Amino acid sequence: MQFDAKQFLADVERVLHADYACDLKSAGRRELYNAVSKAVMEETFDDWNRARRSARRRCGYFSAEFLMGRAIYSNLLNLGILEDVGAALKGVGEDIMQFEEVEDAALGNGGLGRLAACYLESAASRNIALDGYGIRYRYGLFRQTFQDGFQHEEGDDWLKWGDPWSVRVDRDAVLVKFADLTVRAVPYDMPIFGYRNGVVNTLRLWQAEPVQAFDFASFNEMHGEVKATENFNATKITDVLYPNDNTMVGKILRLRQQYFMVSASLQDIIAKFKATGKDLRTLPEKWCFQLNDTHPVIAIPELLRLLQAEGLTFDEAFAVCAGCFNFTNHTIMAEALEKWDALALSDLLPEVYEQIVACQQRLQGEGLNPDQFYIVRDNVVHMANLAIYVCAHVNGVAQIHTNILKTQTFKNWYEQYPDKFVNITNGITPRRWLLLNNPEMARLIDGKIGDGWHTKLPELKKLLPHIGEMLPDFVRIKQQNKQNLAEYIAGHEGVQLSPDFIFDVQVKRLHEYKRQMLNALSVLWYYFGIKDGEIKDFPPTAFIFGAKAAPGYYMAKAVIKFINEVAKLVNSDPAVSDRMKVVFVQNYNVSYAEKIVCAADISEQISLAGMEASGTSNMKFMLNGTVTLGTMDGANVEICEEAGRENNYIFGATVEEVAAIKQYYCPREIVEQNPRLKRALETLVDGTLSDGSGMLKKLYESMTAGYEPDRYLVLYDFADYIRVKTQLLYDYGTEEFNRKCLVNMANVGKFSADRSVSDYAKNIWKL
Ligand code: 26W
């Protein structure tokens, strides 16, 4: 984008006059932020409009979550005007960094939502016609604070700074009908800017509002009586993002959200398709849809319904669906696979339920074993099965994950429909996750190999012959990033970290299978070792955690309390203060992640093998030159393939071993053999840590007692974890270690989301 500073400031001034009745001199932060954003939006209107009018075949990415983070810097970067805008503002005495206070758009929980955001950015950067469709939640993922070490949740008022990067499109509003009420769906469009290529795609987020008088009239004409919203407030549907990650709760409001979003999107798409005069049977020639996990799978029966309302037969409509829909699975955890009570579903959406039953009947007609192939069984609707049956392609998100889907989770389906199953390993956008968050490092790389890697990440391999000469600068920049993070943490968490410590980082959602517990127990193990004099010369290490726990997930909250208690114990003990520090940062989110991933020395990716579908923070750390301390799980396997296992720190049971271990596993025996581990574990119950609520005791019991003690083999993997982690800590700082960091960075190319979206476009969307 061309940039003229004088023109830009005049545009900003004009918006300030019109919208806020102020000028550059008198504008506050908020006004300035909105005016700068709007001035830029205006400039991009033509490009955006061109994309909207283009007749290309497009893919709709249907997702209940888009974890976009902060828009302003990333948008300016992609438009190629980040530095220019910064300089122009500086010229009038304003610092562009003041917008760091702007809230993240946290309309997602974790990996799945952030992946959707990376894919939109990469698709635009590759000029792939991908548009996002989702929900404009009034409140995003809760804000987290700690009080006495316990997690507290507050509403996330992400709109309090305004929403200048969206436009409300009233003319595209549609009505969405439930058995008990009808609501109005109003789209807000966000432009998705490709990296310096003039491409603008769209993220369309739907907001629920009460039906207005004029809607009633037109809707009644077409569909018969509309029910008013007596008992249920329409806006409730899009009020808040469900904060559970990986556990299904069968709440009707969630089903309403899912149906609301897909019905509105499909109605919108069909109306526009019809306006071109084409036959709906040819819809797949213009559109395909990617279903981001099971959350939007109700789109399938909805499209069947809509097409039949337009005069297609069931078989014709089914063929259209089979030609349009594809399904991504993001987790093998049984408790996360969505299932709905058939009665509740048929009460809320009777016509949609009819279509599900019709799919079930069609499936029965295939002559397959009904015990293995079903959509509805025992009054439960299995959304994943519906998706697999209808979709052209089903994909896992890393090689090991796709293999597990084929051989375990969906074995029957794979054997029946082998050609449907494909792997698309996840990726991340290198723009936000290196160029934007680590600009000094990006400049260092540019200086060595040019800037082709910005859009062709495998070009980072060209760094390999330069690693020796890069080491001093690499170390200096990492050190500066650590200093910056330490200052930020001091300000936000009140904990002082020295950048001379090793920064050992585990940031991700809190879940038992991700095993933050394993990390925390190792901290205590080292702590007691140092105190007893058994561990000498322990390399000074800061153990940094960041994670939100689902508000209803008791054990996850217990782990947070535990780690906060460990932090209190360790940080207040002068005997170890020159050796270790522990900090659990509050409200970990995309913006915090940007500061953390460029400042880490160790990337902890320590899930029980077979549990983490892919992971994407592992890729972000790798891109920023950080070694992985991890298990052979998810994308870690491919990270080792790309960068060499010898350049990372791998430990633990393999996925092949896990099932066998569980047969004979007795955690108590392991603890008895390792006195220091025993001591660490017993801090949960022996009074070392304060536990007013009894939470820590429950956590102790989950590790040692009950039907399946230590389900995720924390204690089983402990010894091997300590062995490898200790090796890593003592390797740190050597030239060999620093080389490993850069070898990882140089080999990260495969994990660009540019590659992932190109794989989707080529193998699934056929765009
Ligand atoms: C129904 C409740 C629910 C909510 C969210 C079930 C499942 C989810 C998501 C599928 C959880 C999720 O975010 N999974 C993560 O997806 C990432 C992107 O593919 C992977 O990298 C992570 O390994 C996976 O845990």
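Strand β9 and strand β10 (residues 200-210) pair in the antiparallel sense over 11 bridges. Strands here are DSSP runs of E with at least two residues, helices are runs of H or I with at least four, and both are numbered from the N terminus; two strands count as paired if DSSP finds at least two bridges between them. The model is predicted, so local features need pLDDT of at least 70 and side-chain atom pairs count only at pLDDT 80 or more, while totals for chains, interfaces and linings use all residues. Residues are numbered from 1 along each chain as its sequence is written, and side-chain values use heavy atoms, with hydrogens and water left out.

Strand β7 (residues 167-168) is another antiparallel partner of β9, over two bridges, and V167 stands opposite D189 in β9. In general, strands of a sheet pair through backbone hydrogen bonds, either parallel or antiparallel.

How many residues of strand β9 are buried? For β9 (residues 182-193) the count is 12 of the 12, so the strand is largely enclosed by the rest of the structure. Buried means under 20% relative accessible area, exposed means over 50%, and partly exposed lies in between, with a 1.4 Å probe and protein chains only. T182, R184, V186, Y188, M190 and I192 point one way from β9, V183, A185, P187, D189, P191 and F193 point the other way, and all are buried. R184 has a relative accessible area of 5%. Its side chain is joined to that of D170 by a polar contact of 3.1 Å. A polar contact is a pair of N or O atoms within 3.5 Å; within protein, one must be able to donate a hydrogen and the other to accept it, and residues adjacent in sequence count only if both atoms are side-chain atoms.

Another sheet has three strands in the order β13-β15-β14; this sheet is open and its pairing is antiparallel. β13 (339-341) and β14 (376-377) stand at the edges, each with a single partner strand, so one side of each is left without a neighbour in the sheet. Three bridges join β13 to β15 (residues 380-382), and D341 stands opposite V380 in β15.

The domain assignment of the chain, which is automatic or taken from a database, gives domain 1 (59-69 + 104-426) and domain 2 (490-739). Their centres, taken over C-alpha atoms, are separated by 35 Å. Contact, meaning heavy atoms within 4.5 Å, involves 36 residues of domain 1 and 39 residues of domain 2. The area buried between the domains is about 2,900 Å², of which carbon and sulfur atoms give 58%. Q144, F146 and I400 supply 21% of the area that domain 1 buries against domain 2, more than any other three residues. Buried area is the accessible area (1.4 Å probe) that two parts lose on being put together, summed over both.

The largest nonpolar core holds 280 residues, of which F99, F178, L303, L460, L521, F562 and W765 touch the most other members. This core draws at least three residues from each of domain 1 and domain 2. A nonpolar core is a set of buried Ala, Val, Leu, Ile, Met, Phe, Trp, Tyr and Cys residues joined through side-chain atoms within 4.5 Å. Leaving aside neighbours within four places in sequence, W765 is in contact with residues including R57, C59, Y61, I128 and L130. I449 lies in helix α17 (residues 439-449) and is buried at 13% relative accessibility.

N587 lies in the loop between β20 (580-585) and α21 (590-597). Is N587 buried or exposed? N587 is buried, with a relative accessible area of 14%. The side chain of N587 makes a polar contact of 2.8 Å with the side chain of K548. Not counting residues up to four places away in sequence, N587 touches F142, R143, Q144, K548 and Y592.
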